[in-house]
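Reader: I have a structure open and a few things to ask about it. Can we go through them one by one?
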Amino acid sequence: AEGAIRCFDQVLAIDPKHAETLVKKGTALEKLRKLSEAIECYDRAIAADSNMTIAYLHKGGLFNRMERFTEAVECYEQALRTQEKRPVS
């Protein structure tokens, strides 16, 4: 996970608002038990792309594991709202 974070940081040095990389970095930080930093990455991903469903799902999952259930439900509800906005193919 630490090596992955170094790679993600290289991408973010070029594009600090790369939402997908921020989510992946958050996941790696979770593996290292750096939970507040992981939440910060998910928040940054959401700020960069408010329609990024996966960021809400990862953040909600983390809140659920932390037993912060109200916040988890809010994230899951937001994930559903982002999916509702997507065009049907």
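Reader: Which helix is Ile54 in?
Author: This is a predicted model. In it, Ile54 sits in helix 4, residues 53–65.
Reader: What surface patch does Ile54 belong to?
Author: A nonpolar one of about 230 Å², made by Ile54, Leu57 and Tyr76.
Reader: Switching to the core. How many residues are in the largest nonpolar one?
Author: The largest nonpolar core has 23 residues. Val23, Ala45, Ala55 and Leu62 have the most contacts inside it.
Reader: And which elements give two or more residues to this core?
Author: Helix 1 (2–14), helix 2, helix 3 (35–48), helix 4 and helix 5 (69–85). Helix 3 gives the largest share, seven residues.
Reader: What is Val23 in contact with, leaving aside neighbours within four places in sequence?
Author: Tyr42, Ala45, Met52, Ile54, Ala55 and His58.
Reader: Now Glu30. Buried or exposed?
Author: Buried: the relative accessible area of Glu30 is 12%, and the cut-off for buried is under 20%. Glu30 lies in helix 2, residues 19–31.
Reader: What does Glu30 touch, not counting residues up to four places away in sequence?
Author: Leu35, Ala38, Tyr42, His58, Leu62 and Arg65.

Methods: Residues numbered from 1 in each chain as written. Predicted model: local features only at pLDDT ≥ 70, side-chain atom pairs only at ≥ 80, totals over all residues. Heavy atoms only, no water. Patch = residues over 30% accessible without salt bridge, like charges linked within 9 Å, V, L, I, M, F, W, Y side chains within 5 Å. Areas by Shrake-Rupley, 256 points an atom, 1.4 Å probe, with all protein chains shown as cover. Salt bridge = Lys/Arg side-chain N within 4 Å of Asp/Glu carboxyl O. Helix = DSSP H or I, 4+ residues; strand = E, 2+ residues; numbered from the N terminus. Buried < 20%, exposed > 50% of the residue type's maximum accessible area, 1.4 Å probe, protein only. Contact = heavy atoms within 4.5 Å. Core = buried A, V, L, I, M, F, W, Y, C linked by side-chain atoms within 4.5 Å.
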